[in-house]
Amino acid sequence: MTIALSGRKIAGKLQEQFPGSIVQSDESSLLVKSEHLLAIATFLKTTPGFDFDYLTSVTAVDYRDYFELVYHLISIEHNHSLVLKVRCHDRENPTVPSVVGVWRGADFQEREIYDLMGIKFEGHPNLKRIVLWEGFQGHPLRKEYKGIYK
Amino acid sequence: MPIKTEPFAINFGPFHPSTHGVFRMRTTLDGEVIIDLEPVFGYLHRGIEKLAEGRTYTQNIPFTDRLDYLASMSNNLAYVLAVEKLAGVPVPERAEYLRVIMAELQRIASHLIAVGSLLNDCGAFMTPILYMIREREKILDLFEMVSGQRLTYNYMRIGGVSQDIPDEFLPALEKFVERMPSYIDEYDRLLAENEILLARLKGVGILSKGQAINISASGPVLRGSGVEWDIRKVDPYSVYDRFEFDIPTGTLGDSYDRYRVRIEEMRQSLRIIEQAMKQLPSGAVKTDVPWLMLPPRGEAYAHIESPKGELGFYIVSDNSAKPYRFHIRAPSLINLTALRDMSVGWKIADLIAIFGSIDICMGEVDR
């Protein structure tokens, strides 16, 4: 059984390494500041004991006040998992660092988020629309976007 | 003096028989050798994630049929597991077993098409795939008995399955489980040592263990590279912890290993079905849930080992009748990240075999 690590316990360890990087932590997830995301991602991947080498899924949720990015991490070696989150409050020009350099599996998923949610990933090698065509106006998965039938 | 060539671009697809749907690969070639490749998606994008936000939890089950339409049962299962996790709905024992039987039958059906079309792509045109469609037909007959459908089953429900199996189902399933191993042996006899198949697949399109993990590959692509990672074993859902089965893995990570993993997985699926038939309890097949269910505020991620890899659903609820966010973690899309790594340096003819060995379904890639 994959053991879901407690966000609170990991927050304690991260707090020593990256002071002020944790926004909020509970039993099921860990919310960090976006400027620390890349450093924390690298730390979680390379630190023995964590070894989060497998990024299962990346997705974003539009909570109207902010966007929340959700990273599901797994360690194949230890068979444990963690849900890492980042929030983005800027609706006009939301930007989050890209984790493609750490886990390449994020490549298409970040492009998908950019396409449908309109969040820019800084440092992504090929950030362009993936399922919609170039020149499409708007980002359909945002809550304010209304389809043609509404 | 070597002959100087100029790189040139070829657009493979979107309408090409080997692309298994509408998919485009923008390849740059130096002579016959691929020097760059970029997959282009979106020709089958229907916006299912957005559409799902406008429908109730139960209304969304048929949508999941249209993702990986070669494995509708698995999609149903992953989605209902996520909603059950979100709302805390219990599932009767009998329904759990029926789900496992359906999911494993679906795995065999999907792998038959995967292997068949891989051979089709390699040039064994239509003969092997028709052998495999012959057996898949039996599975479709079984699914028709339980759900009335042959492709988009819509069989699972939140809290169980839509209806109990009819009386003639178990005898037919027994007959299938009895006969299927000899058919798999037949494929092996025809294909495993086939010289042309070995020449086309062995050592071609290698994906190393480290790469496979780094690009988040899953399913036979990950296991073909030698990673023993099967969600049925490492994070058992439903009642998978009650069955004995092995995880077949490859060693080299080439196209042949991925093909072998699929053949072996079919045998393991039969083992699971056999055990599930023996243990199948009697009783109800569905928990009563309200027609308009309002799961509590929160989020849930449930994943299963679908035939193509890890299929996950991430659902956020705002305590209304419709999901606030509905995200599909599609194995086919993420496995395609590996395509460029696998095919650069190989000839254009090998690209077809490498692409076939990933086994994708466009309904799931584009959504």
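Buried area is the accessible area (1.4 Å probe) that two parts lose on being put together, summed over both. In this predicted model, chain A and chain B bury about 3,400 Å² between them, with 54% of it on carbon and sulfur atoms. A:Tyr54, A:Arg104 and A:Phe108 supply 20% of the area that chain A buries against chain B, more than any other three residues.

A quick word on ground rules: local features need pLDDT of at least 70, side-chain atom pairs count only at pLDDT 80 or more, and totals for chains, interfaces and linings use all residues. Residues are numbered from 1 along each chain as its sequence is written, and side-chain values use heavy atoms, leaving out hydrogens and water.

So who's touching whom? Contact means heavy atoms within 4.5 Å.

| Chain | Residues in the contact |
|---|---|
| Chain A | 44 residues |
| Chain B | 38 residues |

There are five salt bridges between chain A and chain B, each a side-chain nitrogen of Lys or Arg within 4 Å of a carboxyl oxygen of Asp or Glu. A:Glu112 pairs up this way with B:Arg367, their closest N and O atoms being 3.1 Å apart.

Now for the inside. A nonpolar core is a set of buried (under 20% relative accessible area, 1.4 Å probe, protein chains only) Ala, Val, Leu, Ile, Met, Phe, Trp, Tyr and Cys residues joined through side-chain atoms within 4.5 Å. The largest one has 159 residues, and A:Tyr71, B:Leu105, B:Phe313, B:Leu336 and B:Leu339 touch the most other members. Leaving aside neighbours within four places in sequence, A:Tyr71 is in contact with residues including A:Leu37, A:Val83 and A:Phe121.

Methods: Chains are lettered from A and ligands numbered from 1 in the order in which they are written. Buried means under 20% relative accessible area, exposed over 50%, partly exposed in between (1.4 Å probe, protein chains only).
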